[in-house]
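Look over the sequence and the fold before reading on. The paragraphs below go through the inside of the protein step by step.

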Amino acid sequence: MTYVSGDTTATIVDTNGTLQVTNGTSTDTLTLAGVPEGEQFVTADDGTSNHGTLIEEAPCYCRGTLILTERGEVPVEELVIGDLVMTKSGWLRPIKWIGHRGYDGRFIRGKREMLPIIVSAGALGDGIPMRDLWVSPEHALWVEGTLVAAKLLVNGMTVTQVDAVERLEYFHIELDSHDVIFAEGAPAETYIECNNRLMFHNAAEFAALYSERQPGGIHQSCAPRLSEGTATAIAIRERILTRAALFGHQVTDDPGLHLVADGVALEPVAIEDGIYRFALERPPGEAWLASRSAVPAETDATSTDRRRLGVCLRRITLRDADLSLDLVPEHHLLRHGFYDSEGEHRWTGGKAQLPANIVDLFAGPLDIEIAVWPSQVRYPQTTAQSA
């Protein structure tokens, strides 16, 4: 759908997770399973020549985040309208409104657009943040004179995204205009009006307090907001990756490929020219290709590929005394844990299942060869110390 500034909205309209996107003249729908009814998203121009609509979550702080105020650092959930918060300019400014929303973790499991980002202490600079900072993916941090969404800073090491939570509570702080305040010692944005106020559970409170205010509209940002893939964004991400290495975080090109047969991890008996050989005494009831995995856009500052990738499969060969069978990337039975075939190769997601009805064709001792293509993926390793 074509984006119309100030007139494009995206809202979950029923309990089935139907997302309705309107631009005043037309409406499109799609389904987002597990997203609560009434949830609203930020809409913006996608930056292409077609001026499509980019749909994103709104920026928020997690419960417990310490905000710098005139009386010191205060947990965000304890702030009230009228409290004075310290801004990056050095001025104390009063809070106009505080929005909040919460989710049961069961309904947002795996929802990358909603689960919080953790910016580890020191990830952005000395003492920035002073402690781990938990924010929503769209929450922008002030970095080198620009605003950068937390999701664009994720590197899988010092800036990470959680996979699941039991309960999630988000809070936003709104001033009379968009600004930068301090959360856990890191400069981060306040709320900016983007036609998404109704996503907060207490939106009616704002309407009651400020009935004279015209609804909707998109307000002026206090600083430029970077887009993914721009030269400045790449440079910032490269510096954060370099800083992660100073804290002992490392990446490797070794996928650590192994086989998990009936719940037992098996290391290859040989590795040669990208071929991993495994020897089994008998065919397993269930077998998985397991490896390290990484999101290229997290460990390579220049990449925009946000798939979680394991290994780049070239061929799977199964062989016993009587039968030998090759599975090529296009094989239709390569499903669970595999991405779609890309011709001569097919990516796994880090854990991919060997087709059981293929394994059942074999008897007695079984040899399995996994041939993979070399790739540029860099996998995070265990950290030596925290950032």
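Predicted model: local features only at pLDDT ≥ 70, side-chain atom pairs only at ≥ 80, totals over all residues.

Residues are numbered from 1 along each chain as its sequence is written, and side-chain values use heavy atoms, with hydrogens and water left out.

Begin with the interior. A nonpolar core is a set of buried Ala, Val, Leu, Ile, Met, Phe, Trp, Tyr and Cys residues joined through side-chain atoms within 4.5 Å. Buried means under 20% relative accessible area, exposed means over 50%, and partly exposed is in between (1.4 Å probe, protein chains only). The largest nonpolar core has 33 residues, and those touching the most other members are Tyr61, Ile67, Leu79, Val159 and Ile173. Among the elements that give two or more residues to this core are β14 (140–143), β15 (146–149), β17 (167–174) and α3 (231–246). The largest contribution, 3 residues, comes from α3. Helices (H or I, at least four residues) and strands (E, at least two) are DSSP runs, numbered from the N terminus. Another core, of 25 residues, lies apart from this one and includes Ala261, Leu280, Leu313 and Leu318.

Ile67 shows what such packing looks like in detail. Contact means heavy atoms within 4.5 Å. Beyond its neighbours within four places in sequence, Ile67 is in contact with residues including Tyr61, Leu79, Ile173 and Phe182.

Next, take Val148 in strand β15. Val148 is buried, with a relative accessible area of 3%. Not counting residues up to four places away in sequence, Val148 touches His139, Ala140, Leu141, Val143, Leu153, Leu226 and Ile236. Val148 and Ser227 are 79 residues apart in sequence, yet their C-alpha atoms are 7.8 Å apart in space.

Asp179 sits in the loop between β17 and β18. Is Asp179 buried or exposed? Asp179 is buried, because its relative accessible area is 14%. Its side chain makes a polar contact with the side chain of Arg93 at 2.8 Å. A polar contact is a pair of N or O atoms within 3.5 Å; within protein, one must be able to donate a hydrogen and the other to accept it, and residues adjacent in sequence count only if both atoms are side-chain atoms. Among the residues that Asp179 touches, leaving out those up to four places away in sequence, is Cys222.

Cys222 is partly exposed, at 37% relative accessible area, whereas Cys60 is buried, at 0%. A disulfide is a pair of cysteine sulfur atoms within 2.5 Å, and the count by this rule is 0. For Cys60, the closest cysteine sulfur is in Cys62, 8.6 Å away, so the two are too far apart for a bond.
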